[in-house]
Amino acid sequence: MKPTHMVFDIGGVLVQWDPVAAFAEACGGREAAMGFMERVGFRDKNARADAGESFADLADEIEDARDREIFTGYLDAYPLTVQRKIKGSWALLDAMKENGTPVHAITNWSAETWPRGLTAQPRLSKVFDTLIVSGEERMAKPDPAIFALFCDRACVAPEACFFVDDSIKNVEAARSMGMQAAQFISPKVLRLDLIDRGFL
């Protein structure tokens, strides 16, 4: 069947996420910031925040006082990480909104960083018919439960949805729940997928 509801991931699909930007000044440059992130296990800690843990609790795990101080500054610096829109994806989203397609989002995003991100990208707060922010729900992709929650909240069957995400694990999880899904490669490739599925 042709899907009738579009479901976006946000980071890496609609907005570029650059966490290095949050630490570059405190660390003395981007290369040093990347070393810091590796040293403190930032990616793992961020994933845990996306699933509902607090950054204060995560900071407490860092033994080095200076590293802990730098990590704690992430929240205040967060808007620096989401400055850039992926303009081609937004053009596709707008085209679907204009033709009446319900447009939703399921995003892995901390409940603490989400409102800070909105200061840089305010349109994210009002463009979606249904929005699931993982940190607010204390569950994150690729957990199948977050897709089930979305379908319940949006009152839509999985088979009616086309989901796009830059993570293949999340795409596979959506497919396991009955959604049609594709990995985001570029706006050009996504446009072809949308035409093929009858959205454009």
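Leaving aside its neighbours within four places in sequence, with which residues is Lys45 in contact? In this predicted model, where contact is taken as heavy atoms within 4.5 Å, Lys45 touches Val40, Leu58, Glu61, Ile62 and Phe71 once those neighbours are set aside. Lys45 lies in helix α3, helices being DSSP runs of H or I with at least four residues and strands runs of E with at least two, both numbered from the N terminus. With a relative accessibility of 9%, Lys45 counts as buried, a term that denotes under 20% relative accessible area, whereas exposed denotes over 50% and partly exposed the range in between (1.4 Å probe, protein chains only).

The model is a predicted one, in which local features need pLDDT of at least 70 and side-chain atom pairs count only at pLDDT 80 or more, while totals for chains, interfaces and linings use all residues. Residues are numbered from 1 along each chain as its sequence is written, and side-chain values use heavy atoms, with hydrogens and water left out.

Val40, one of the contacts of Lys45, belongs to helix α2, which spans residues 30–40 and in which Ala33, Phe36, Met37 and Val40 are buried. Viewed down the axis of α2, these buried residues fall within an arc of 100 degrees, so they line one face of the helix; the arc is that of the directions from the helix axis to the C-beta atoms. In general, an α-helix has 3.6 residues a turn, so residues three or four places apart point the same way. The buried residues of α2 pack against α1 (20–27), α3 (42–50) and α5 (65–72), whereas the face turned away from the buried side carries the exposed residues Glu31, Glu38 and Arg39. Just after α2, Gly41 adopts a positive phi of about 70 degrees.

Cys155 is placed in the loop between α10 and β4 (161–165), and with a relative accessible area of 71% Cys155 is exposed.
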